[in-house]
Amino acid sequence: MKRKFEAIGLILGWFAIIGQFVLLIINRQAGISETIIRFFSFFTILTNILAALYFTMSYRNSKKNPFHLFISNGALTALTTFILIVGLVYQVSLRHIWNPTGLQFVVDELLHTVIPIYLLIYWFRYSNKDDLETKSVLYWLLYPMIYVTFIFSRGYISGYYPYPFLNIPEIGIQSALFNIGIILGVSILIMILLIVTGNFRKNLIKK
């Protein structure tokens, strides 16, 4: 059952990512190179890629590959946290600013709603003590920190910011940093909640 769950997860993940890439290329408003860079500038895309890689590597059950990091201790809980952040930020801050239709609607819902919920269900069913190591989970906070550093650096050079709540020229550096602080704080709270909930559930099962 676990392998079937992972197979469905990797199919949904790669379909949504590839679908979004194709749609972005078709509807591009910049050159190909710039469009590709912009594609990989979205936290949503990067996090869904990580989730798809997790399902892929876990399905293959292979530890001898360069992507083993994505199924290492704490990875599942960290990725579940970040994909939930993707979903929450979209529902609260971004859903109301556009109205996708057709294939874009399908891809959009997969990336921001279906896959976050699916990964949370998978985490609840299959996470183990290795996935709940606090130090290993918190180590993954480097990921959003590196992401924000990249977005601000590239935004300063190119003038392109993938999200309105990070657009320094529009909202100012203080507002952008405040938004980042809120998102990072919520991420830590979700991480802690998952770790506590996971350990409680494991102890309950043992009894």
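**View 1. K2 and E6 sit about one helical turn apart, because they are four residues apart in helix α1.** Helices are DSSP runs of H or I with at least four residues, numbered from the N terminus. K2 and E6 form a salt bridge, with 2.5 Å between the closest N and O atoms. A salt bridge here is a side-chain nitrogen of Lys or Arg within 4 Å of a carboxyl oxygen of Asp or Glu. The structure holds five salt bridges. The model is predicted: local features need pLDDT of at least 70 and side-chain atom pairs pLDDT 80 or more, while totals for chains, interfaces and linings use all residues. Numbering starts from 1 along each chain as its sequence is written, and side-chain values use heavy atoms, without hydrogens and water.

**View 2. Helix α1 (residues 2-26) crosses helix α2 (residues 32-39) at roughly 145°.** Their axes come within 10 Å. Axes are lines fitted to C-alpha atoms over the stretch in contact; angles run from 0 to 180 degrees between N-to-C directions. From α1, I17, Q20, F21, L24 and I25 meet I32, T35, I36 and F39 of α2. Contact means heavy atoms within 4.5 Å. Seven of these contact residues are nonpolar, two are polar and none is charged.

**View 3. F15, L103, F105 and V106 form a nonpolar surface patch.** Together they have about 360 Å² of accessible area (Shrake-Rupley method, 1.4 Å probe, only the protein chains shown counting as cover). Patch residues have over 30% relative accessible area and no salt bridge; nonpolar side chains (Val, Leu, Ile, Met, Phe, Trp, Tyr) are joined within 5 Å, like charges within 9 Å. Helix α5 (residues 102-126) gives the largest share, three residues. F15 lies in helix α1.

Terms used: Helix = DSSP H or I, 4+ residues; strand = E, 2+ residues; numbered from the N terminus. Nonpolar A, V, L, I, M, F, W, Y, C, P; charged D, E, K, R; others polar.
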